[in-house]
Amino acid sequence: MRAGKLRDTVIFRRNTPVPDGRGGAEDKWGDLFETCCELQMSKGRERVAAGMISALASGVLHVRYCSQAASLSEKDIAVIDSEIYNIRSIIDPDRRKRRLELVVERGVAV
């Protein structure tokens, strides 16, 4: 993976339940790590749900392989330029632990 293509900065976040002091828990998104990435967006689409139209956009996020990136799951989110992307899948395309490709989606509920 060429460093010149990694022009964006991504912050990965994980949802962690925090006790609310009343026997329940409140969900808090905490930062896992920050790294350089390349985001390639595909065409967006619209979806109608419950009588409302929502715009969806998906793409592929490329990051260098590291132990932190290897620990990511589909429950985590990626934040690029204040935009939140849900992670839909994570693959090591050449199975050589050099890079990861994350299929991400923006415009859906977290």
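**Exercise 1. Cysteines**

Decide whether C66 is buried, partly exposed or exposed in this predicted model, then find how many disulfides the structure holds.

*Solution.* Start with the relative accessible area of C66, which is 28%. Buried would need a value under 20% and exposed one over 50%, so C66 is partly exposed. Next, turn to the disulfides: the structure holds zero. Take C36 as a worked case: its nearest cysteine sulfur belongs to C37 and lies 7.5 Å away. A disulfide requires the two sulfur atoms to be within 2.5 Å, so C36 is in no disulfide. Finally, C36 has a relative accessible area of 39%, so C36 is partly exposed.

**Exercise 2. Aromatic rings**

Find which residues form an aromatic pair, and work out whether the pair is stacked, tilted or edge-to-face.

*Solution.* A search of the whole structure gives one aromatic pair. Its partners are F12 and F33, with ring centres 5.0 Å apart and 35° between the planes. Now place the partners: F12 sits in strand 1 (residues 8-19) and F33 in strand 2, 21 residues apart, so that the pair links distant parts of the chain. Last, check burial: F12 is buried at 0% relative accessibility, and F33 is buried at 9%.

**Exercise 3. Around M41**

Locate M41 among the strands and list which residues M41 touches beyond four places away in sequence.

*Solution.* M41 belongs to strand 2, which covers residues 25-41. Its contacts beyond those sequence neighbours are A57, S58, G59, Y85 and R106. V60 is 19 residues from M41 in sequence, yet their C-alpha atoms are 6.4 Å apart. With 34% relative accessibility, M41 is partly exposed.

Definitions and conventions:
Residues numbered from 1 in each chain as written. Predicted model: local features only at pLDDT ≥ 70, side-chain atom pairs only at ≥ 80, totals over all residues. Heavy atoms only, no water. Helix = DSSP H or I, 4+ residues; strand = E, 2+ residues; numbered from the N terminus. Buried < 20%, exposed > 50% of the residue type's maximum accessible area, 1.4 Å probe, protein only. Contact = heavy atoms within 4.5 Å. Phe/Tyr/Trp six-rings, centres within 6.5 Å; stacked < 30°, edge-to-face > 60°.
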